[in-house]
Amino acid sequence: MNKKFIVLLLMLLAVCTSAWAFPYGKVKVVKSFPDYKVKVVKQFADLKVKVVSNFPDREGRWQFVDSFPDFTIQYVDAFADFTIQFEE
């Protein structure tokens, strides 16, 4: 019984921590039906985004594209899924 409980707990922990991971990769800005709604802020962002032209291979690295995105975003002023701050 203890082994099953530990395995279940570890599986639950893995699911919960993956849910908090922020997206990275190729992103397309859309006006409707986005994967994520984001609000751009100057301070205290949930995610600092660095815009790159190649290899968006870690959290917070985004490459803006017009086709074949990994995910889509919509800029909003309210009810955002998370906030972002662009790095210089």
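The model is predicted, so local features are taken only where pLDDT is at least 70 and side-chain atom pairs count only at pLDDT 80 or more, while totals for chains, interfaces and linings use all residues. Residues are numbered from 1 along each chain as its sequence is written, and side-chain values use heavy atoms, with hydrogens and water left out. The protein chain has 1 helix and 6 strands, where helices (H or I, at least four residues) and strands (E, at least two) are DSSP runs numbered from the N terminus.

**Overall architecture**

- Read from the N terminus, the elements of the protein chain follow the order α-β-β-β-β-β-β.
- The radius of gyration of the protein chain, taken over C-alpha atoms, is 16 Å, well over the 12 Å that the globule rule (2.2 Å times the number of residues to the power 0.38) gives for 88 residues, so the chain is more spread out than a compact globule.
- The C-alpha trace of the protein chain spans about 50 × 30 × 25 Å along its principal axes.
- Of the 88 residues in the protein chain, 25% are buried, where buried means under 20% relative accessible area, exposed over 50% and partly exposed in between, with a 1.4 Å probe and protein chains only.
- Among contacts in the protein chain with a separation of 6 or more, 79% come from residues 24 or more positions apart, a contact being heavy atoms within 4.5 Å.

**The barrel and its strand pairs**

- The 6 strands close into a barrel in the order β1-β4-β3-β6-β2-β5, and the pairing is parallel; two strands pair if DSSP finds at least two bridges between them.
- From one strand to the next the twist averages 45 degrees, with axes fitted as lines to C-alpha atoms (for helices over the stretch in contact) and angles running from 0 to 180 degrees between N-to-C directions.
- Strand β1 (residues 25-29) pairs with strand β5 (residues 71-75) in the parallel sense over 3 bridges, and V27 stands opposite F71 in β5.
- β1 also pairs with β4 in the parallel sense, over 3 bridges, and here K26 stands opposite Q63 in β4.
- Strand β3 (residues 47-51) and β4 pair in the parallel sense over 2 bridges, with R61 in β4 as the bridge partner of K50.

**Aromatic rings**

- There are 6 aromatic pairs, counted for rings of Phe, Tyr and Trp (its six-membered ring) whose centres lie within 6.5 Å, with planes under 30 degrees apart called stacked, over 60 edge-to-face and the rest tilted.
- F22 and F82 form an edge-to-face pair, 5.2 Å centre to centre and with 65 degrees between the planes.
- This pair links distant parts of the chain, since F22 lies in the loop between α1 (2-19) and β1 while F82 lies in strand β6, 60 residues apart.
- F22 counts as partly exposed because its relative accessibility is 21%, whereas F82 is buried, with a relative accessible area of 6%.
- The rings of W62 and F71 have their centres 5.5 Å apart and their planes at 70 degrees, so this pair is edge-to-face.
- W62 is buried at a relative accessible area of 0%, and F71 is buried at 5%.
- Ring pairs link F22, Y36, W62, F64, F71, F82 and F86 into a cluster.

**W62 in strand β4**

- W62 has its place in strand β4 (residues 61-64), and a polar atom of its side chain lies 3.0 Å from the backbone oxygen of P23.
- The C-alpha atoms of W62 and K28 are separated by 9.6 Å, with the two residues 34 residues apart along the chain.

**T83 in strand β6**

- T83 is found in strand β6 (residues 82-86) and counts as buried at 17% relative accessibility.
- A polar atom of the T83 side chain lies 2.9 Å from the backbone nitrogen of D46.
- Not counting residues up to four places away in sequence, T83 touches K39, V41, F44, A45, D46 and L47.

**K37 in strand β2**

- K37 is placed in strand β2 (residues 36-40) and counts as partly exposed at 35% relative accessibility.
- Leaving aside neighbours within four places in sequence, K37 is in contact with Q74, V76, F79, A80, D81 and F82.
- The C-alpha atoms of K37 and S53 are separated by 22 Å, although these residues are 16 residues apart along the chain.

Terms used. A polar contact is a pair of N or O atoms within 3.5 Å; within protein, one must be able to donate a hydrogen and the other to accept it, and residues adjacent in sequence count only if both atoms are side-chain atoms.
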